[in-house]
Structures are given as structure tokens and as C-alpha cells.
Amino acid sequence: MRFLIEEIPIIEQLKKSFYDIYKDWKCQICGIENEDFDHVWLCSENCLILQSIMEDSIFYLMEQLLIDNENFKDDKDLADFHDFWDIRNDPNSFTFIDLIKGIIPLSLSQKIRKFTKKCSTEKIIICLRNYILTQSLERIWKPRCNFVKQLEKDFKLTKKFKKDHVNTMPFYDVCRKGNADNRDTELLGLRHLIYYGGNILEYYNTHVD
Ligand SMILES: [Zn+2]
């Protein structure tokens, strides 16, 4: 669920609670880009690992389809599944990043259904989703967390230090300090509603620059 709503402790999320500590932090793996959810997987330092996870996932799915249906021709029918095996961030179509988040597009499940017995479709989809999640966690997310944990230890960013530097005002106000014009583009009123149950119109009326 945390992957699905992108609420994992990436640097851009940490800024929401500890802006003073992390405001200048970039992705600690490449040191160049901001670390949002997509970047964890698309980071240039992780691209070979992600490529390998994707290839292993295709192999895993083909294996499951072959076990279920001996007539499945992996070399021929594999072409039908090509759309989803794409490593990029695209708001207009499903990519492998969506599969990492646990989203199985209807078109993918329909294609799996085409090659499997009715009773096995759901089982294969669940197994595939679990396989991709486990691989992503073990090979990218956990090593990244261990690396950042060690860095925080080196910088003496203890729990107590963080507690002492927690944001003293809601993040949308902290964020506005640095980006005065981003209220509309970042849908801050909507976020305010989701995080704090506030009123969208009230937010815009009371937060006039
Ligand atoms: Zn990076």
C-alpha cells in the first residue's frame, strides 16, 4: 500500500517532516537528482539493476504461463506483453514503475487471461505482483535504505536530533517559503485537504501572498 501511494521515506518525503535537515539533500545514490518515488527506480545508478529485475520478471511470468499452459509459445506470444516492459516515467501510459507500485493494468490481466486457465489467472497475477515487489525491495530499495541509514549515522542525524528539527509549521507552508508560486501547480490546496482534512477553497482564500 505504501508503494501504491508513494509514501515511503524518500528524501522528498523526509523534507515534509524535516525540511531544515533535508532541504539540500539530493538522491544519495547519484547525488544529482531530487529523490522522488520514480527516481528511486529510474536513478542512473540503478538502471542496470532495474533492467535486470524487469527481464527476470518477464522470465518469471513466461515460466508461470508455460507451467499453466503447455501450448504457450514464449518466443511467439511474448510479443503480446511488450507494452508493459518499459522503464520510464510516463503519466499517460502504464510502465514497469506502475507494476512496481502493485498496479496491474486491465490490459495486462486480460492478456494473461488469454493464455491461462480461468482458475489460474488470478493466482499468476498475484504471484507476478509479489515477485516484482520482492525483487524491487531486495535489490534496490533495501540497499538504498542501508546506504542512507549509514550516511545519517555518519552525519549524526539521530532520532533525537530529528525530533528537535521537525518542521514547526505544516509542510505546505514550509514549501511555500521556498516556492512562493507553486500553490497551483503542486495542487497544494488538494494536498492540504488530503493530509489535514482542510477545505480547498478556504486554503486558497486564507493563503494569499
Ligand atoms: Zn539518483
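Trainee: Where is K156 found?

Mentor: K156 is found in the loop between α8 and α9 (159-164), where helices are DSSP runs of H or I with at least four residues, strands are runs of E with at least two, and both are numbered from the N terminus. Before we go on, note that this is a predicted model, in which local features need pLDDT of at least 70, side-chain atom pairs count only at pLDDT 80 or more, and totals for chains, interfaces and linings use all residues. Residues are numbered from 1 along each chain as its sequence is written.

Trainee: What about phi of K156?

Mentor: Phi of K156 is near 55°, which is a positive value in a residue other than glycine.

Trainee: And is K156 buried or exposed?

Mentor: K156 counts as exposed, because it has 7 C-beta neighbours inside 10 Å. The scheme calls a residue buried if 20 or more other C-beta atoms lie within 10 Å of its own, exposed if 12 or fewer, and partly exposed in between, with the C-beta atoms placed from the backbone.

Trainee: Which segment does E6 lie in, and what is its phi?

Mentor: E6 lies in the segment before α1 (11-17), and its phi, near 60°, is again a positive value in a residue other than glycine. E6 counts as partly exposed because it has 14 C-beta neighbours inside 10 Å.

Trainee: Let's zoom out. How many helices and strands does the chain have?

Mentor: The secondary structure comes to 12 helices and zero strands. Of the 209 residues of the chain, 18% count as buried. Among contacts between residues at least 6 apart in sequence, 57% join residues at least 24 apart, a contact being a pair of residues whose C-beta atoms, placed from the backbone, lie within 7 Å.

Trainee: How many residues does the largest nonpolar core have?

Mentor: The largest nonpolar core has 21 residues, and those with the most contacts inside it are V40, W41, L50, F96, L99 and I100. Such a core is a set of buried Ala, Val, Leu, Ile, Met, Phe, Trp, Tyr and Cys residues joined through C-beta atoms within 7 Å.

Trainee: Which helices supply at least two residues of this core?

Mentor: Those are α3 (37-42), α4 (47-68), α6 (96-100), α7 (106-115) and α8 (121-154), and α4 gives the most, with five residues. As for F96, if residues up to four places away in sequence are not counted, it touches M54, F84, W85, D86 and I87.

Trainee: How do α4 and α8 cross?

Mentor: Their axes come within 10 Å and cross at roughly 155°, where axes are lines fitted to C-alpha atoms, for helices over the stretch in contact, and angles run from 0 to 180 degrees between N-to-C directions. The two helices are therefore roughly antiparallel to each other, given that angles under 35 degrees count as roughly parallel, over 145 as roughly antiparallel, 65 to 115 as roughly perpendicular and the rest as oblique. α4 passes α8 in a right-handed crossing, meaning that the near helix is turned clockwise from the far one by less than a right angle.

Trainee: And which residues meet there?

Mentor: From α4 they include I49, L50, I53 and Y60, and from α8 they include I124, L128, Y131 and I132. By class, this contact has 11 nonpolar, four polar and three charged residues, with Ala, Val, Leu, Ile, Met, Phe, Trp, Tyr, Cys and Pro counted as nonpolar, Asp, Glu, Lys and Arg as charged, and the others, Gly among them, as polar.

Trainee: At what angle do α7 and α8 pack?

Mentor: α7 and α8 pack at an angle of about 130°, with their axes 9 Å apart, and that makes α7 oblique to α8. The contact is made by S109, I112 and R113 of α7 and T121, I124 and I125 of α8, and its residues divide into three nonpolar, two polar and one charged.

Trainee: Last one: what is Y22 in contact with?

Mentor: Leaving aside its neighbours within four places in sequence, Y22 is in contact with I11, L14 and K15. Y22 has its place in helix α2 (residues 19-22), and its C-alpha atom is separated by 8.3 Å from that of E12, 10 residues apart along the chain. Y22 is partly exposed, with 19 other C-beta atoms within 10 Å.

Terms used: Two residues are in contact if their C-beta atoms, placed from the backbone, lie within 7 Å.
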